[in-house]
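Thanks, everyone, for making the time.

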Amino acid sequence: MADLKISIAGMEFKNPVTTASGCFGYGEEFRDFYDLGLLGGIFVKAVTGSNRNGNKYPRMAETPSGMLNSVGLQNKGVDHFCEVIYPGLKDLNTQIIVNVSGSTIEEYVKVAERINELEGIPAIELNISCPNVKEGGMAFGVVPSTATEVTRAVRDVYKKVLMVKLSPNVTSISEMAKAVVDGGADVLTLINTLLGMAINAETQKPVISTITGGLSGPAIKPVALRMVWQVFKAVDVPIVGLGGIMNATDAIEFMLAGASVIQVGTANLIDPMVAPKIVKGINEYLDRHNIPSARDIIGALKVC
Amino acid sequence: MKKFAHDFQVVGNTRLNTRHFILELKAAVPLPEILPGQFVQVLVHNSPSTFLRRPFSIHFVDYSTNTLRLLVQVKGEGTRHMGMLAPGDTLNLVYPLGNSFSVPATHKVLLVGGGAGVAPLMFMGDYLNKKNIRPDFLVGFRSADEVSQIDEYSKFGKVYLSTDDGSMGEKGFVTQHSVFKQSPLPYDRIYCCGPDAMMHAVSKLAAEKGVACEVSLENFMACGYGVCLCCITQTDKGNERVCIEGPVFDAARLKWQSNG
Ligand SMILES: Cc1cc2nc3c(=O)[nH]c(=O)nc-3n(C[C@H](O)[C@H](O)[C@H](O)COP(=O)(O)OP(=O)(O)OC[C@H]3O[C@@H](n4cnc5c(N)ncnc54)[C@H](O)[C@@H]3O)c2cc1C
Ligand SMILES: Cc1cc2nc3c(=O)[nH]c(=O)nc-3n(C[C@H](O)[C@H](O)[C@H](O)COP(=O)(O)O)c2cc1C
Ligand code: FES
């Protein structure tokens, strides 16, 4: 049995497998399937300053090897999170990280301040990359100077581990990575969804209500791997990698490219048991290759 | 309620007509309690264009043989592949999902279904019979060649029939059937499943006649177990998830805007 423990920015993960924001709810629904203590961590659904209804139905289109969504940060706001949802999360035997979203810098700061008070939540993941809200969201994540600004503003009030989730909808991901590290990010998560579109030729209409939406699943994996690799070479902070991970082999590829921890997103929507299967598969891979620790494969890509 | 992801064995695939078939699936472990109105999410293998699972109502449950049945209408790639399954093949299901039809505190019950929307009504009929309730069925089909299983429904209650082209039963949509011309309606509760337009029309009629009505929605779904928020419908409580708070809703609570 290989050692699966990973430590980043002073946080201990019992294994490198975590679940991506928006693809795991608040974990509640997955308790019907397995013990959440099997996971390295859970990144919970985006939390904003106040209640958001999200976008209109239809919010989803199936696309080749992936899906397009336009959920649009539907959630009941940070007060509801702290009062109703947090009590059910704080004693789970896994790391809980809150995905923080907003439309203005003030909103990000307000949410981060509230989450900072919560015991048992060691980190937030700043979502400056959501393509599904009209104002803000992705806008912060595609211009380096505003990305630095929002990160710095949150850094000033947030005292624990600050992760920032990057958008792939940029010309240079390394430049964006450097910008948020300058702003004070401890860890980088990448990637969020790629902006995409689906059309129904029969009805001659867009498939989702917002016309464009976020593409996820195996279709984006090569882009995500490339970005993790580029960022790994460009900055010194740990990386949480994701984008189209469906199995342990995909997860290992992300770790070889430089991710210390991986997130499973869309795959949870297809196989509710996928995350524990990936934990098992990583262990088998390490044993098969006589590698003593999961840490040993981080960024271990052999480039000749 | 505990949910499972299990491989089922295909033990039967019966063609009803050119567009519909029934899959009979056997579980390797004893089936958990399943309620009428609940659904399964099917993983379609070997089809490059079906990435997500496909949701289907549970058409019938037989605990004695440990099997359940799905009534499937061929729509696109996923259902076409399912239609080619043969005994011995396996199919992975996530189940049982969603809420269920309520148990009525009355014997005067009407079950209304159209097209593949009749699927959950067979199971509901059986379930009600076991509670000593014999419901009436009102089922609508496109034409006579799609009318099927009338004898099966008849085991559980009286069956009224309509076809769009009048080739069998009364002509027209279910809402035009003489059952709905009665005043007052001889029912205390209506359960309905079918195309959105039909459910909306039935729920309006029910409201006009002062009869409580539950509908089973079929919104597009990604997960089917409540985590992606893709399947929402607008209700008097805001956006609710059709796969968790539904698929069965009290029709009076729905806004109907989001479902076309
Ligand atoms: C709870 C529930 C229960 C159901 N029960 C049954 C049942 O018992 N029997 C049955 O036959 N069917 C049932 N359905 C419907 C069934 O799930 C679909 O017909 C099936 O998924 C179609 O799959 P496919 O791959 O064959 O077709 P697809 O190729 O996926 O699509 C068929 C059609 O739908 C359109 N479409 C697909 N996704 C979207 C979208 N996001 N937005 C707009 N248009 C879209 C496509 O363009 C196409 O015209 C149920 C659905 C739900 C949600
Ligand atoms: C339905 C859905 C909802 C999502 N919601 C969020 C969200 O609230 N916050 C966020 O940062 N990312 C969100 N994402 C993006 C995922 O966390 C992830 O970055 C992306 O889907 C790529 O990974 P994947 O291919 O493994 O799914 C969402 C993705 C999906 C499919
Ligand atoms: S389909 Fe994912 S929440 Fe309903």
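Before I point at any residue, one definition: helices and strands here are DSSP runs, numbered from the N terminus, and two strands pair if DSSP finds at least two bridges between them. Please also keep in mind that this is a predicted model.

With that in hand, look at Phe60(B), which stands opposite Arg69(B) in E6(B). Strands E5(B) and E6(B), the latter covering residues 67-73, run antiparallel and are joined by 3 bridges. They belong to an open sheet of 7 strands with antiparallel pairing, in the order E4-E3-E7-E1-E2-E6-E5 of chain B. Strands E4 (54-57) and E5 (60-62) of chain B each have a single partner strand, so one side of each is left without a neighbour in the sheet. From one strand to the next, the twist averages 35 degrees. Across E4, E5 and E6 of chain B lies helix H2 (residues 119-130), which runs at about 45 degrees to E5(B).

Turning to the interface, 31 residues of chain B are in contact with 31 residues of chain A. The area buried between the two chains is about 2500 Å², with carbon and sulfur atoms giving 61% of that area. On the chain B side, Phe51(B), Tyr225(B) and Val227(B) lose the most area to chain A, together 29% of what that side buries.

As for charged pairs, the count between the chains is 3 salt bridges; Glu62(A) forms a salt bridge with Arg54(B), where the closest N and O atoms are 2.8 Å apart.

Methods. Residues are numbered from 1 along each chain as its sequence is written. Chains are lettered from A and ligands numbered from 1 in the order in which they are written. This is a predicted model: local features need pLDDT of at least 70, side-chain atom pairs count only at pLDDT 80 or more; totals for chains, interfaces and linings use all residues. Side-chain values use heavy atoms; hydrogens and water are left out. Contact means heavy atoms within 4.5 Å. Buried area is the accessible area (1.4 Å probe) that two parts lose on being put together, summed over both. A salt bridge is a side-chain nitrogen of Lys or Arg within 4 Å of a carboxyl oxygen of Asp or Glu. Helices (H or I, at least four residues) and strands (E, at least two) are DSSP runs, numbered from the N terminus. Axes are lines fitted to C-alpha atoms, for helices over the stretch in contact, and angles run from 0 to 180 degrees between N-to-C directions.
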